[in-house]
Amino acid sequence: MKRILVSTSGGDCPGLNAVIRGIVKRAAQDDEEWEVLGSIQAYNGILWEPTEIKLLDEKTVAGIHYQGGTIIETTNKGGPFAWPVFNKRTGEWEYVDRSEEMIRKLRFMGVDAVISIGGDGSQRISQKLFEQGLDIVGVPKTIDNDLSATDLTFGFQTAVQIATDAIDKLVTTAASHNRTFILEVMGRHTGWIALHAAIAGGAEVCLIPEIPYDVNKVVAKLKSRYHKGRGSAIIVVAEGAKPIAGTETSHTSTEVGYENARMGGVAYEVSRAIKEAGFDSGDVRETILGHLQRGGIPIAYDRVLATQFGVKAFELVKKGEFGRMVSYRHPDIVSVPLTDAIGKMHYVDPDSDIVETAKGVGICFGD
Ligand code: F6P
């Protein structure tokens, strides 16, 4: 019998459970015998004493494809290369490399291969573990759709749908009150969710990190939507958006082991900036959609893509193709070296067709 260990790491993402189910169901149908285990909270389950491991069999994964979150939990803090340890003497947190110990433990447990489902940061860890001799396969995951080695990631379309539903709701209240609404959506340093939701929801303005905005152009667009104080408008702003010659709205997290910048709050910056630049045609309200974009059931598209990724990940393990990540290259599910998958972000190209489409229906990017 061969044994696979599955880990989900980074922010949760609709479709994670469908990937897990895809791996388990494919393994159960194989001509060889496999056991699939899940490490609780990414690699913490292996590193904790006692370990926290969950057996993932067909019974455990039955019906999880439509559940949000991940049945084996996740974390976006620490990890085997930076395990936080509190130094009582200095009163500071220190970060310890426990990767070799973890690989030894996995071998002791009879784990033949690891499937790591995670985003950019997680796949960096996968590559380092692979270089240390661990047989590992990556599965890309992020609602932000910011990985360059795959056409799409599961979870993104669900996030876009949730953001679009939010616009549909804001439109009616905006029109009723003659207000401008600013909807802030996630995406970190990329504007994919904002761009797609702005087109799908019929927004007037879309602000994304890849196109720094001129607030005066945004105000001109808004004013054109009002006549004698009547009118309404929707601005969709990606959390990483910034003005020309300005910076993104983020701060350093105080959470132990949290390495990324904490985003959020740009809606208030945009609100303040448009008023300072002379927008006085109507009231302005801000809505930050936040983690609602990651919760709840994945839409059908993401369930399909996630299932394809899970089945492909199992097949890579079976064929011994380690150090690779599953990838979607329309219409195929392929694999790429983990080294291709990390460090290269997938940004919105300001000259792309999709931006042209948005501009074609009158969406203002402030450029
Ligand atoms: O990367 C996914 C994501 O949801 C980003 O869009 C967002 O900036 C970040 O994670 C939020 O992270 P956390 O859940 O740690 O607040």
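Helices and strands are here DSSP runs, at least four residues long for a helix and at least two for a strand, numbered from the N terminus. The model is predicted.

By that definition, Gly-264 belongs to a loop, the one between strand S14 (261-263) and helix H9 (266-276). Is Gly-264 buried, exposed or partly exposed? A residue is partly exposed when its relative accessible area lies between the 20% limit for buried and the 50% limit for exposed. The relative accessibility of Gly-264 is 31%, so the residue counts as partly exposed. Leaving aside residues up to four places away in sequence, Gly-264 touches Glu-184, Glu-239 and Thr-249. Glu-210 is 54 residues from Gly-264 along the chain, and the C-alpha atoms of the two are separated by 17 Å.

The chain as a whole has 12 helices and 17 strands. Its radius of gyration is 22 Å, close to the 21 Å that the globule rule gives for 367 residues, so the chain is as compact as a globular protein of that length. Along the principal axes, the C-alpha atoms fill a box of roughly 75 × 55 × 35 Å. Buried residues make up 53% of the 367 in the chain. Among contacts with a separation of 6 or more, 71% join residues 24 or more positions apart.

Tyr-95 is found in strand S5, which covers residues 92-96. Because its relative accessibility is 44%, Tyr-95 counts as partly exposed.

Helix H10 covers residues 300-319. How far apart are its end C-alpha atoms? At 1.5 Å a residue, the 20 residues of H10 should span 28 Å, and the ends are 29 Å apart, which agrees. The buried residues of H10 are Asp-302, Leu-305, Ala-306, Phe-309, Gly-310, Lys-312, Ala-313, Phe-314, Leu-316 and Val-317. An α-helix has 3.6 residues a turn, so residues three or four places apart point the same way. The buried set of H10 can be read with that spacing in mind, including Asp-302, Leu-305 and Phe-309. Just after H10 comes Gly-320, which takes a positive phi of about 75 degrees.

Key:
Residues are numbered from 1 along each chain as its sequence is written. This is a predicted model: local features need pLDDT of at least 70, side-chain atom pairs count only at pLDDT 80 or more; totals for chains, interfaces and linings use all residues. Side-chain values use heavy atoms; hydrogens and water are left out. The expected span of a helix is 1.5 Å times one less than its number of residues. Buried means under 20% relative accessible area, exposed over 50%, partly exposed in between (1.4 Å probe, protein chains only). The radius of gyration is taken over C-alpha atoms; the globule rule is 2.2 Å times the number of residues to the power 0.38. Contact means heavy atoms within 4.5 Å.
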